[in-house]
Amino acid sequence: MKSIAWLALLCCLPCAALELPDMGASASSVLSPADEKRLGEGFMRQLRNGVDIIDDLEVNSYLNALGHQIAAYSDNPEQRFYFFVVNENSINAFAVPGGFVGVHSGLFLHTQNENELASVLAHEIAHVTQHHIARTMEASNNFSLPTMAAIVAAAIAGMKNPQVAEAAIAAVTAGNIQMQINFTRAHEEEADRVGMKMLADSGFDPRSMPIFFERLQASNRFYEGGLPEFLRTHPVTSNRVAEARDRAEQYPKKLLSDSPLYQLARAKLLFLSESDKTKLAKNLQRALQEARYRDERAVRYAIALCLLATREYSGVQPQLDWLVKHDTDRVAYRSLQARLAAAQNQPTQALQLYSKALQSYPNDPQLTLEYAELLLQQNRAATAKPLLLDLHLRNYPEYHRLLALVQRQIGEIVDSYFSMAEYYYSSGRTALALEQIKQARQLKGLDFYQASRIEARHHELQQELHEENAAKKRDQH
Ligand SMILES: [Zn+2]
């Protein structure tokens, strides 16, 4: 029963959560930054087990650049942030301690311009910097960090399951609902107010926040289950919209042109979240013919992505030619050109394209990973390794997997086991991570340094697995 209640609290996370009064402790003293970071990373690993996270470096790089641009103007610039997209059609976003902010693909696609997306991120960033969630969790319970991380992740995964959500709502209703609503409003209003200031300071249009909320409200009738999740978890009353509008009016008006990177990332996300690429390509081609679009290059880019995925290669190049001619040089187009060459069995040409692109965009994560993957296929792991080691993609499991394969091809077997363990660990599969370290332990001829490194990681992972299992057991009771 208790864990169900927690599901509710956090599934409505952070906004419909049971908010407790500030007991006089300063917010930042509730959880230490190190604890918050551990909680967030644990959460991220657990979440990967339950939901489909879109690990696309183009979308990710864009979203993180946007989020960090806003977070730089928070009153806590030291707070670290990581933004990611969950592959879910529903309209929602959430934040957890440690600065992890998730945006559902449905919400991203529902925004019409960068300012609207920025306003959602600013609101979530404010929940983090104001320690709304950490404060609630810490004050309410004395759960261990791995337990909390598991519960938060289960709550978010549970949003997909209406039965879980229903049971959760029932459980909360039994509690002191009036108090929850009051404190929820306080947090929502604070997140709006603090978020809006950040939005304005970082050069975005604060008016986008009430505009986006109103548009969500207006589209209610299109949702069978009533309100879009974002409104349920971040309840928007008419009063709150009015307040946000009044507040926004106090900022000077801005005329902002739309960001092409927003349009391209949105096009990529549209492509990724649609399973029937042939159908999507047809719809987009029709939209192009009828000139029904906000940004022509985004439509053409999405068409090219669809055609590459469905192996209709002859249709890709004309779109690419148009993009290169009418737009500036971009990582997205360089990557597409190289992938087209690789798909058409021209690896040498593809390698040259990547190598050239990386001269223009050194250390670009998307180009580097794609290049490394192709080098690996061409038995050139030694060239790929230093490029990969220059990247810092800790939260990105695929990076660790690729590094492991590269290390294996070069014959760095111990390192390869470590990287593969990191791949499993970062994707929430701690038992499989431990298995990799156990295999490394069996290797013959380990030197002292290698042996002690293996023992240390073995010990850490065993400990972690133990805590995770204990947390699961507690959660079942
Ligand atoms: Zn909120």
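## Close-up views of a predicted model

**View 1. Ser355 on helix α18.** Ser355 sits in helix α18, residues 347-360 (helices are DSSP runs of H or I with at least four residues, strands are E runs of at least two, both numbered from the N terminus). Thr368 is 13 residues from Ser355 in sequence, with 9.1 Å between their C-alpha atoms. A quick note on the numbers: residues count from 1 along each chain as its sequence is written. This is a predicted model, so local features need pLDDT of at least 70 and side-chain atom pairs count only at pLDDT 80 or more, while totals for chains, interfaces and linings use all residues.

**View 2. The whole protein chain, for context.** The chain's secondary structure comes to 24 helices and 4 strands. Of its 477 residues, 48% are buried. Take the contacts with a separation of 6 or more: 69% of them link residues 24 or more positions apart (a contact means C-beta atoms, placed from the backbone, within 7 Å).

**View 3. Leu374 on helix α19.** Leu374 belongs to α19 and is buried, since 20 other C-beta atoms lie within 10 Å. Leaving out residues up to four places away in sequence, Leu374 touches Ala342, Pro347, Ala350, Leu351 and Tyr354. Ala384 is 10 residues away from Leu374 in sequence and 9.0 Å away, C-alpha to C-alpha.

**View 4. Helix α19 passing helix α21.** The axes of α19 (residues 365-377) and α21 (residues 397-410) come within 10 Å and cross at roughly 30 degrees (axes are lines fitted to C-alpha atoms, for helices over the stretch in contact, and angles between N-to-C directions run from 0 to 180 degrees). The two helices are therefore roughly parallel (under 35 degrees; over 145 is roughly antiparallel, 65 to 115 roughly perpendicular, the rest oblique). Leu369, Ala372, Glu373 and Leu376 of α19 meet Tyr399, Leu402, Leu405, Val406 and Gln409 of α21. That contact of α19 with α21 splits into 7 nonpolar, 1 polar and 1 charged residues (nonpolar is Ala, Val, Leu, Ile, Met, Phe, Trp, Tyr, Cys and Pro; charged is Asp, Glu, Lys and Arg; the others, Gly among them, are polar).

**View 5. Helices α22 and α23.** Here the axes of α22 (residues 413-426) and α23 (residues 430-441) come within 7 Å and cross at roughly 170 degrees. That makes α22 roughly antiparallel to α23. Among the contact residues are Tyr417, Tyr424 and Tyr425 of α22 and Leu432 and Ile437 of α23. Sorted by class, the contact of α22 with α23 has 10 nonpolar, 3 polar and no charged residues.

**View 6. The four-stranded sheet.** The 4 strands form an open sheet with mixed pairing, in the order β1-β2-β4-β3 (strands pair if DSSP finds at least two bridges between them). β1 (53-54) and β3 are the edges, each with a single partner strand, so one side of each has no neighbour in the sheet. β2 (residues 82-86) pairs with β4 in the parallel sense over 5 bridges, and Tyr82 stands opposite Phe100 in β4.

**View 7. The β3-β4 hairpin.** Strand β3 (residues 93-96) is joined to β4 (residues 100-104) by 4 bridges, running antiparallel, and Ala93 stands opposite Val103. The hairpin has 3 residues between its strands, and Gly98 in the turn has a positive phi of about 90 degrees. On β3, Ala93 and Ala95 point one way, Phe94 and Val96 the other, and all are buried.

Methods. Two residues are in contact if their C-beta atoms, placed from the backbone, lie within 7 Å. A residue is buried if 20 or more other C-beta atoms lie within 10 Å of its own, exposed if 12 or fewer, and partly exposed in between; C-beta atoms are placed from the backbone.
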